[in-house]
Amino acid sequence: MLTRVNGDSRTMEEEVIAGLRSIPKTISPKYFYDDEGSRLFDRICEVPEYYATRTETSILELHRGAILDRLGRDLCIIEIGAGACHKGRLLLETGKVSSFIPVDISAEYLRSQASKVARSFPDVSVHAVGMDFLVSLGSLESLLPEVGKRVIFYAGSSIGNFDPPDARRLLRQFHGLLRKDDALLIGYDLKKAPTLFLRAYNDSAGVTAAFNLNLLARFNRELGADFDVTAFRHVARYDEALGRVEMHLESLCGQEVRIADERVPFDRSELTHTESSYKYTKEEFDAMAAGAGFDSVGVWMDPAAYFAVGLYASREFCRLEQRERSS
Ligand code: AVJ
């Protein structure tokens, strides 16, 4: 079964033009994932330098039994940004899950993947939800089962795309869907030697560069823009003070680009910020989650401590509100 939820949001055209009119220029990373971008992201997950997906999968494969044992049986897994549902499947394979609610903005793709999941796990009730969770998360509430423990599953260090205040707000929204002792299971990328980040976001096969530049090609395809993709260059760097990898597109010359009916000037060497990917220590992440109403239950890492999967229990909401009032 698929439910679609349409929230009001600005169109891609409005949002892209506003971002390119701001200083510095920015483009939201959510626009990476058209069909071509999703395909390129899958290829990023295969390049040797990009450790994140591979490492998270190995953590889940090794520890999923122990992780879910902390929660009991008859779990309801709500996977946010589920895509191909590969990681959700890893949890369903434990046999401890009775319902699975994958949520993704690409409704059609999600429908086909979710029906495959339903066929593989006939005892699990599967209900796919096609929506932009940044716009409509609240409308999930009416779709969640009353019985069983709810587990929001947000994998892949997608949380890293948000500036910490926005990340905390998103965690708080997740908290709003949970009752006392329901859980959040979340993957995040750990702080480590900057050279490892630089390699991971500047892979030698150039797949990350193609992924970044695909934004411009997508705007040419879908917004009738006239970007010369060869006149921009992929840049990735690590800002140690902010604890984030940044991706940018650098204009290689002074140029003017048309998008819809607008003309946007770019200076030579001007950067357009296309993605942040925040890295955390366990302590930093626990503190942010605590600020959103979550107590740490456990954390699992790979032996090299590249990546972490954290399990958090939701405190009751009234206590959180009291704490906020008193602080
Ligand atoms: C999907 C946001 C987790 O930040 O590492 C990979 C996206 N960008 N290579 C990340 C990404 C460039 C990825 N996330």
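1. Cys-85 has a relative accessibility of 0% and therefore counts as buried in this predicted model, the cut-off being under 20% relative accessible area. The cysteine sulfur closest to that of Cys-85 belongs to Cys-76 and lies 14 Å away, which is too far for a bond. A search of the whole structure returns 0 disulfides. Cys-253, by contrast, is partly exposed, with a relative accessible area of 30%.

2. An open sheet is formed by 3 strands in the order S8-S9-S12, with antiparallel pairing. Strands S8 (232-239) and S12 (271-278) stand at the edges; each has a single partner strand, so one side of each lacks a neighbour in the sheet. On average, neighbouring strands of this sheet are turned by 20° against each other, direction ignored.

3. Strand S9 (residues 244-251) runs antiparallel to S12 and is joined to S12 by 7 bridges. Glu-246 is placed opposite Ser-276 of S12.

4. Helix H10 spans residues 282-291. Its buried residues are Phe-285, Asp-286, Met-288, Ala-289 and Gly-291. Just after H10, Gly-293 adopts a positive phi of about 100°.

5. Regarding confidence, the protein chain has a mean pLDDT of 93, and 96% of its residues reach 70 or more. Over residues 318-322, however, pLDDT stays under 50. For this stretch the model has 6 contacts beyond four places in sequence. Where pLDDT is low, the predicted coordinates should not be read in detail.

Methods. Residues are numbered from 1 along each chain as its sequence is written. This is a predicted model: local features need pLDDT of at least 70, side-chain atom pairs count only at pLDDT 80 or more; totals for chains, interfaces and linings use all residues. Side-chain values use heavy atoms; hydrogens and water are left out. Buried means under 20% relative accessible area, exposed over 50%, partly exposed in between (1.4 Å probe, protein chains only). Helices (H or I, at least four residues) and strands (E, at least two) are DSSP runs, numbered from the N terminus. Two strands pair if DSSP finds at least two bridges between them. Axes are lines fitted to C-alpha atoms, for helices over the stretch in contact, and angles run from 0 to 180 degrees between N-to-C directions. pLDDT is the predictor's confidence in each residue, from 0 to 100. Contact means heavy atoms within 4.5 Å. A disulfide is a pair of cysteine sulfur atoms within 2.5 Å.
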